[in-house]
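Subject: Structure handover

Hello,

Here is the structure I promised to pass on. Please open it and keep it in view while you read.

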Amino acid sequence: MKKCIICEDPAEFSIKGSSEFYCKDCAEEHFSSLDMLEKL
Ligand SMILES: [Zn+2]
C-alpha cells in the first residue's frame, strides 16, 4: 500500500511521472487541479 508523503494516510493519487503519492485530502490541498495527478 502506498502512503501519502504528507500525512501517511493511504494514498489515492500520484504525480504523473513521479513517485510522490498523496491521499485525496492532501492532493486537493496542494494542487488546484487534479489534472497532473493520476489515480492509483
Ligand atoms: Zn495526505
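Below is what I found, from the overall fold down to single contacts.

One caution before the details: this is a predicted model.

**The fold**

The protein chain has 40 residues, and 30% of them count as buried. Its C-alpha trace spans about 20 × 20 × 10 Å along the principal axes. Look for one helix and three strands. Read from the N terminus, the order is β-β-α-β.

The three strands make an open sheet. Their order in the sheet is E2-E1-E3, and the pairing is antiparallel. E2 and E3 are the edge strands, and each has a single partner, so one side of each has no neighbour in the sheet. Between E1 and E2 there are two bridges. Across that pairing, phenylalanine 13 stands opposite tyrosine 22 in E2.

**The zinc site**

Now go to the metal. Which residues hold the zinc ion as protein donors? They are Cys4, Cys7, Cys23 and Cys26, each through its SG atom. The donors lie 2.3 Å from the zinc ion. The angles among the four donor atoms run from 103 to 120 degrees, and the site is tetrahedral.

Along the sequence, the donor residues follow the spacing C-x2-C-x15-C-x2-C. Take cysteine 4 and cysteine 23 as a pair. Cysteine 4 is in the segment before strand E1 (13-15), while cysteine 23 is in the loop between strand E2 (21-22) and helix H1 (24-30), so the pair ties together parts that are 19 residues apart in sequence.

Are these two cysteines buried or exposed? The cut-off for buried is under 20% relative accessible area. Cysteine 4 has 2% relative accessibility, so it counts as buried. Cysteine 23 has 5%, so it is buried too.

**Rings**

There is one aromatic pair in the structure. It joins tyrosine 22 and phenylalanine 31: the ring centres are 5.3 Å apart and the planes stand at 80 degrees, so the pair is edge-to-face. Planes count as edge-to-face when they are over 60 degrees apart. Both tyrosine 22 and phenylalanine 31 are buried.

The charged end of lysine 39 sits over the ring of phenylalanine 13, at 5.4 Å from the ring centre.

**Salt bridges**

Side chains of opposite charge can pair when their charged atoms come close. How many salt bridges does the structure hold? It holds two.

Lysine 39 is exposed, at 58% relative accessibility. Glutamate 12 is partly exposed, at 32%.

The other salt bridge is between lysine 24 and glutamate 28, whose closest N and O atoms are 2.6 Å apart. Both residues lie in helix H1. They are four residues apart, about one turn of the helix. Lysine 24 has a relative accessible area of 36%, so it is partly exposed. Glutamate 28 is partly exposed as well, at 41%.

**Two single residues**

Start with glycine 17, in the loop between E1 and E2. Its relative accessible area is 88%, so glycine 17 is exposed. Find glutamate 38 next. The C-alpha atoms of glycine 17 and glutamate 38 are 9.5 Å apart, although 21 residues separate them along the chain.

Then turn to glutamate 8, in the segment before E1. What is its phi angle? Phi of glutamate 8 is near 65 degrees, a positive value in a residue other than glycine. Glutamate 8 is exposed, at 56% relative accessibility.

**Where to begin**

Begin at the zinc ion and its four donor atoms. Move on to the edge-to-face pair of tyrosine 22 and phenylalanine 31.

Best wishes

Note on methods
Residues are numbered from 1 along each chain as its sequence is written. This is a predicted model: local features need pLDDT of at least 70, side-chain atom pairs count only at pLDDT 80 or more; totals for chains, interfaces and linings use all residues. Side-chain values use heavy atoms; hydrogens and water are left out. Rings of Phe, Tyr and Trp (its six-membered ring) pair if their centres lie within 6.5 Å; planes under 30 degrees apart count as stacked, over 60 as edge-to-face and the rest as tilted. Buried means under 20% relative accessible area, exposed over 50%, partly exposed in between (1.4 Å probe, protein chains only). A charge sits over a ring if NZ of Lys or CZ of Arg is within 6 Å of the ring centre and within 35 degrees of the ring normal. Donors are N, O and S atoms within 2.8 Å of the metal (3.2 Å for Na, K and Ca); water is not among the atoms, so sites may look incomplete. Four donors count as tetrahedral if all angles lie between 85 and 135 degrees; four count as square planar and six as octahedral if opposite donors are over 155 degrees apart and all others between 65 and 115; anything else is irregular. A salt bridge is a side-chain nitrogen of Lys or Arg within 4 Å of a carboxyl oxygen of Asp or Glu. Two strands pair if DSSP finds at least two bridges between them.
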